[in-house]
Amino acid sequence: MTSSRAMLENHPLAPLTTIGLGGSARYFAMCSSIEECRSAIGFARTHRLPIHILGGGSNTVFLDEGFPGVVIQVCISGLTVTTVQGGVALDVGAGEQWDDVVTSAVARGFGGIECLAGIPGTAGAAPIQNIGAYGQEVRETITRVDALELETLEERSFTNTECGFGYRTSRFKEADRGRFLITGVSFRLQPEARPALRYPELAKAVAADGPISELAPGQPALGRVRKTVMRLRRSKGMVVDHADSESRSAGSFFMNPFVSPEKFTDIQRRWTGEGNSDPIPYYQSTGGVKIPAAWLVEHAGFPRGTNRGNMGVSTKHALALVNRGGTTKELLALATEIQDAVSRLFGIFLSIEPVVVSPEL
Ligand code: NAP
């Protein structure tokens with residue numbers, strides 16, 4: 001390989017993920033530049049090996065048998081700020097930690113991503129599933145995504161519209177899955193901004209510390225919101241913290257399902273008809289009726305703290321499956337058990353949110 005760091009052989013993958021599961025990669029390369037990425041991809045192509053691109057490992061589950069190809073960890077760094085018409089442009093290397101990007105934007109008084117504090121993973125992974133929390137999503141502020149096309153090794157740029165963003169998804173997760181390696185992301189943020197407080201739980205928690213309107217726009221107000229988001233996430237075990245065994249997870253394991261209004265009425269009628277008094281929570285949106293997956297998991301017989309061998313449902317949030325010293329096989333068995341129970345009881349299929357890495361070329 002040229003201009004690339006060493007290609008490591010039989011490299012353990014579990015420590016590279018927040019859930020801490022999986023065997024070894026046949027080859028592993030940490031790449032800090034576009035050239036190093038090109039070189040690692042070229043190595044895989046020459047040896048006809050499958051490639052897996054890894055960011056912060058917070059949304060990834062490797063199989064117990066490991067990965068029989070080349071795992072490329074993207075470590076491209078860099079964060080630059082430029083004043084542009086209508087705000088500031090923040091250009092970020094794909095390997096930057098997402099939470100550091102939020103902290104840096106908030107410290108400068110730039111608004112637009114403050115509610116996304118504490119989400120684990122890298123900046124390059126953020127557009128793939130259009131990360132979102134507390135009423136904010138990255139698609140609102142992303143202006144450009146830069147990538148390398150694996151097949152041609154050419155650099156490509158995508159505008160916001162070209163990214164095909166949807167609820168926790170994008171073209172990089174759907175139609176073009178496995179086709180690009182994201183090298184950088186550009187955002188348009190607002191200087192001296194007022195924070196976004198669209199999510200009732202967040203608005204209430206922020207107000208509990210005093211009226212936000214009394215704080216100056218920019219860092220003081222945005223900083224308060226960032227701090228509150230961190231507090232809320234931590235209380236749900238959703239901040240990666242080595243001292244908190246409940247955060248040994250891949251975050252939300254299931255996506256919130258959307259159903260048609262007719263189907264929702266049907267499900268609700270069946271649920272209450274069976275003598276259940278607690279109503280099914282729901283949110284109307286353009287994609288249909290959104291039902292919190294965590295509620296479905298708990299009401300299908302998997303309350304927080306449920307254990308199956310060395311895997312379990314987090315004691316803090318029913319949407320997180322926690323590794324208590326088990327294997328990927330056990331994790332997937334528990335996930336299937338939950339999916340089957342939710343499907344039987346509510347007629348809803350819960351899709352898995354993390355990427356379970358299979359060795360396809
Ligand atoms: P929650 O308040 O218990 O509500 C469960 C789900 O209902 C949320 O995932 C959220 O969907 C949806 N929801 C709640 N209020 C809503 C509203 N006013 N309008 C539209 N949808 C609403 O949520 P949670 O699971 O504790 O998470 C709170 C926020 O943090 C969410 O935005 C979530 O995405 C984010 N977050 C979730 C997790 C997780 O594991 N669930 C982890 C970290 C952060 P959305 O997910 O679409 O917002």
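Which strand and which helix each supply at least two residues of the shell around the ligand? The points below begin with this matter.

1. The model is a predicted one. In it, strand 8 (132-133) and helix 3 (200-207) are the elements in question: each supplies at least two residues of the shell around the ligand.

2. The ligand has 18 residues around it, and those that come nearest are Tyr134, Tyr167, Lys236, Ser252 and Lys290.

3. The side chain of serine 252 places an N or O atom 2.5 Å from an oxygen atom of the ligand. For lysine 290, the distance from a polar side-chain atom to an oxygen atom of the ligand is 2.5 Å. Histidine 317 also has a polar side-chain atom by an oxygen atom of the ligand, at 2.8 Å. On its own, the ligand has 750 Å² of accessible area, of which the protein covers 79%.

4. Which residues of helix 7 are buried? They are Thr328, Leu331, Leu334, Ala335, Ile338, Gln339, Ala341, Val342 and Phe346. Because these residues cover an arc of only 165° around the axis, they lie on the same side of helix 7. The face turned away from this buried side carries the exposed residues Lys329 and Arg344.

5. Arginine 48, in the loop between helix 1 (34-46) and strand 3 (51-54), has a positive phi near 50°. Arginine 48 has a relative accessible area of 67% and is therefore exposed, the cut-off being over 50%. Glutamate 192 likewise has a positive phi, of about 50°, although it is not a glycine. Glutamate 192 belongs to the loop between strand 12 (180-189) and helix 3, and its relative accessibility of 57% makes it exposed.

6. Is proline 50 buried or exposed? Proline 50 sits in the loop between helix 1 and strand 3, and at 9% relative accessibility it counts as buried. In sequence, proline 50 and serine 358 are 308 residues apart, yet their C-alpha atoms are 9.5 Å apart in space.

7. Asparagine 59 occupies the loop between strand 3 and strand 4 (60-62). Its relative accessible area is 16%, so asparagine 59 is buried, the cut-off being under 20%. A separation of 7.8 Å is found between the C-alpha atoms of asparagine 59 and threonine 17, which are 42 residues apart along the chain.

8. Threonine 152 lies in the loop between strand 10 (142-149) and strand 11 (155-159). With a relative accessible area of 40%, threonine 152 is partly exposed. Its side chain makes a polar contact of 3.4 Å with the side chain of glutamate 149. Threonine 152 and arginine 38 are 114 residues apart along the chain, with 9.8 Å between their C-alpha atoms.

Notes
Residues are numbered from 1 along each chain as its sequence is written. This is a predicted model: local features need pLDDT of at least 70, side-chain atom pairs count only at pLDDT 80 or more; totals for chains, interfaces and linings use all residues. Side-chain values use heavy atoms; hydrogens and water are left out. A residue is near a molecule or strand if one of its heavy atoms lies within 4 Å of it. A polar contact is a pair of N or O atoms within 3.5 Å; within protein, one must be able to donate a hydrogen and the other to accept it, and residues adjacent in sequence count only if both atoms are side-chain atoms. Accessible areas come from the Shrake-Rupley method with a 1.4 Å probe; for residues, only the protein chains shown count as cover. Helices (H or I, at least four residues) and strands (E, at least two) are DSSP runs, numbered from the N terminus. Buried means under 20% relative accessible area, exposed over 50%, partly exposed in between (1.4 Å probe, protein chains only). The arc is that of the directions from the helix axis to the C-beta atoms.
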